[in-house]
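Colleague: I would like to learn how to read a protein model, one feature after another. Could you take me through this one?

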Amino acid sequence: MNSEQITFSLEQILPRVQKPGRYVGGEFNQVQKPWNQVDIHIALVFPDIYDIGLPNLGISILYDLINQREDALAERAYLPWVDMEKEMRIGGIPLYSLESKTPLNQFDVIGITLPYETLYTNVLNALDLARIPLLSSERQNHHPLVIAGGHACYNPEPMACFFDAMVIGEGEEIIHKIIDVIKAGKRAGLSRDEQVRLLSKLQGVYVPSLYTVTYSAEGTIESFKPTHKDVPTRITRQMAAVLPPPPTRFLVPLVEVIQDRVAVEIMRGCTRGCRFCQAGWIMRPVRERSVQEILAAIDAALKATGYEEVALLSLSSSDYTHIHELVKAVRERFSGKNLSVALPSLRIESFSVELMDELQKMRPSGGFTLAPEAATDRMRQIINKPVSTEQLLDTVRTVFQHGWTSVKLYFMIGHPEETIEDVQAIVDTCYAVLREGRKIAGGRAKVHAGVSTFIPKPHTPFQWVACDTIEQITAKQEILMKGLKNPNIKLSWVDPKDTLLEAWLSRGDRRTGEVILRAWQNGCKFDAWSEHYNYNAWLTAFDSCGIDPFKYSHRERSLDEILPWSHINSGVRTSLLKQDYLWSKEGKTRSDCREHCFGCGILTEYGDLRLSMPNSTWQCPEV
C-alpha cells in the first residue's frame, strides 16, 4: 500500500475511531521534505500513542537536528490505540509516517526511542504493524535498519534480538555519524550486515548480533564476547560535551497531549549521587546552558508556537548554577505575556527563599512538588539523600507562606535495609507537613503523597540488590493506606505487579527477549496502561520459556558477577559504584561532587572535559 492508498483508506476509517487527530499529521511546525530530494529517510517512532509521544523531548531534538540536514529527512510515527489498530489490521493499512503517509518499511532507518521498559511489547506491535520482521536475524537487505535509543538501552539485552543496533547515550552527535555511515553504505551498495558492522565502529553504538553470551549451570552469565576482533568488548556511552542549541519549533498538537508546552533543557546531568537514581549516574557530567541561550530559546519557541507555558527542565532545576538569575530574567523578559513557568524538579537541598520569591511572581499553580524520597535520617543516609526532616519542614513552611496551598511529596518504599518503622515515618512526615500547612493556609492546606516502589536499576550503586517481594510491598502499602486516611491527604501508589514487570525487564538478560516475544504473541501490549497490563499473561510467557522471573527481581547479585549490562560503559567506574554500595550499608554518605570530586571516571573516560567544554558555565572540579 502506498501513501495515496493510505490517505484514501484513512478517510474511510477515521470517523470510526477515537481522536482521529492522532493519525493525520499536518501539525503546525511539521517538516515535510520532498522524498526524492534527500538521500536518507528516517522514521522516528515513539512506541506509545500520539498523546504521550508527541511532547517527548528526545524525539523533538532528533526531529529538529535531522531535518536541518539537506541530505536527510525525519518523519514521525506513534503507536495507534486499540480501536485504530483494529481498523488498520482489517483494512490492511501498515504503520505509516504522519508527514507523508509513507509506510515505515519504505524508510532507510526506523529509530525507536525506549525511555522506559514497559514499552517493549509496544515495539513489537509497531514493527508488526509496519510489516517489518520482529527479529533482526530475519530481516533482509530491503528492510530498514531498526535502531533503538533511550535510557532503557543502558541494559540492551532484553531487546537485543529485535534491534539491528542500539545507541547507548546521547543522540545529538551520534545521529549525524549514523546518517553519514548509512548514506555512504547506501551509495556503495553495502548489505545490511556490512552496514551494521560499520555502525559498530562508532562509539556508543551497540550491535547485538556481533556478540555471544554464555551462561553457567546456575543461570548467571558466564561470558560475553564479541564475534570479531575489531568489535569492542565494551560499548562506551556517547556524550555531547557541549549541549547544542535546543529545539524551538515545537510541533503544536492537533489533540490534547500530556504536556502542551515549550520545554527547554537548562542543564543535563546531576552531581548529587542518589544511589537509586539511574539518570543521575548515566547522565554525568553536569552541562549547563547559559542564561542568554535559554532566554533566546524561550523567546523563539513562544513565537513559533503560541504556547503560554514554559518548562525549564533538568534532573534538578534548582541546582542550575544561575537559577535565580534565570528565573528573574524570564519574569522580566516576558512580563505581561501571561506566561506560566514551571520548574518541575526542585531539590530541598538547593531550595531558597529568594527562588521562592521569584517563583511566586510567575503565576504559581495550586501545587508544589518536593521529593524527600525517604522519611527517616537513617534511610536517607542509606540512599545518599541526607536531607533532614527539619530542612523539609522549613521548606514546606516557605512554600505555604508564599501562597501555595498544596504540597506533593514523592517518597519511595522498598529501599535496601528499609524497616516497617521507616515506612511508618512516611505517614508521620505527611501529617507533619499538613500541620505546617494548616498553620498558614488553614483548611485549604493539602498534601499529596506519591509513593513509588524502589527498583534496583543498572549502572547505579544499588544494581546488585534485590527488590521487595509482592508480599513485602503490599504490607508496606497497607501501612500507608491505613495511616493516611485523611480528607486533606491524597495517597497514590504503584501496583506491586507493575513494579515487578519493570524489574524483570530492566534487570533481564538476553534470554528475556524470548519472553517478551511470547508475551506479545499472547496479546500483551500497552503494559504501562493499567487497563491493558496482564500480569498473569507475563507469568505464563516466562513459564513457557522455562525462565523464573523472580530470579531477576528477588536475587541479590554478588559484586563480582557479570551483569547483563556489564559490557555497557556509562563512563562511571564500576569500582566507585561498588564502593558507594558498601558505603550505603554503613550509612555513609557521599557529598555533592560539585564540592568534592570522587573520581567517578567521567573525566578520564572522555579525556579532559574541562578543555572540551569551554562554553559550559560549570565543569567537574579537579580530581
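Modeller: Let us begin with burial: buried means under 20% relative accessible area, exposed means over 50%, and partly exposed is in between, with a 1.4 Å probe and protein chains only. At 0% relative accessibility, Phe-526 is a buried residue. Before we go on, note that this is a predicted model, in which local features need pLDDT of at least 70, side-chain atom pairs count only at pLDDT 80 or more, and totals for chains, interfaces and linings use all residues. Residues are numbered from 1 along each chain as its sequence is written, and side-chain values use heavy atoms, with hydrogens and water left out.

Colleague: Which ring does Phe-526 form an aromatic pair with?

Modeller: Rings of Phe, Tyr and Trp (its six-membered ring) pair if their centres lie within 6.5 Å; planes under 30 degrees apart are stacked, over 60 edge-to-face, and the rest tilted. By this rule there are 13 aromatic pairs here. In one of them, Phe-526 partners Trp-81 in a tilted arrangement, with 4.7 Å between the centres and 55° between the planes. Trp-81 is buried too, at a relative accessible area of 10%.

Colleague: Where do Trp-81 and Phe-526 lie along the chain?

Modeller: For that you need the element names: helices (H or I, at least four residues) and strands (E, at least two) are DSSP runs, numbered from the N terminus. Trp-81 is in the loop between strand S2 (72-78) and helix H4 (82-91), while Phe-526 is in the loop between helix H17 (512-521) and helix H18 (535-544), so their pair ties together parts 445 residues apart in sequence. Rings can also gather in a cluster: Trp-504, Tyr-535, Phe-542 and Phe-550 form one.

Colleague: Which charged ends sit over rings?

Modeller: The test is that NZ of Lys or CZ of Arg is within 6 Å of the ring centre and within 35 degrees of the ring normal. Arg-76 places its charged end over the ring of Tyr-63, 5.6 Å from the centre. Arg-590 does this over the ring of Trp-583, at 4.1 Å from the centre.

Colleague: How should I read a helix, and which residues of H4 are buried?

Modeller: An α-helix has 3.6 residues a turn, so residues three or four places apart point the same way. In H4, the buried residues are Asp-83, Met-84, Glu-85, Glu-87 and Met-88. Contact means heavy atoms within 4.5 Å, and the buried residues of H4 pack against helix H1 (3-13) and helix H5 (120-129). After H4 comes Gly-92, with a positive phi near 70°.

Colleague: In what order do the strands of the open sheet come?

Modeller: Two strands pair if DSSP finds at least two bridges between them. Here 6 strands make an open sheet with mixed pairing, in the order S2-S1-S3-S4-S5-S6. S2 and strand S6 (205-206) are the edge strands, each pairing on one side only. Strand S5 (residues 165-167) runs antiparallel to S6, and 2 bridges join them. Met-166 has Tyr-206 in S6 as its bridge partner.

Colleague: And which faces of strand S10 are covered?

Modeller: Both faces of S10 (residues 262-265) are covered: Val-262 and Val-264 are buried on one side, and Ala-263 and Glu-265 on the other. S10 runs parallel to strand S13 (residues 309-313), with 4 bridges between them. Ala-263 stands opposite Ala-311 in S13. On S13 you also find Glu-309, which is partly exposed at 29% relative accessibility. Its bridge partner in strand S14 is Ser-340, and S13 and S14 (residues 340-342) run parallel, joined by 3 bridges.

Colleague: Is His-459 buried or exposed, and what does its side chain reach?

Modeller: His-459 is buried, with a relative accessible area of 4%. You will find His-459 in the loop between strand S17 (446-453) and helix H15 (470-483). A polar contact is a pair of N or O atoms within 3.5 Å; within protein, one must be able to donate a hydrogen and the other to accept it, and residues adjacent in sequence count only if both atoms are side-chain atoms. The side chain of His-459 reaches the backbone oxygen of Tyr-154 at 2.9 Å. Leaving aside neighbours within four places in sequence, the residues in contact with His-459 include Trp-281, Trp-565 and Leu-577.
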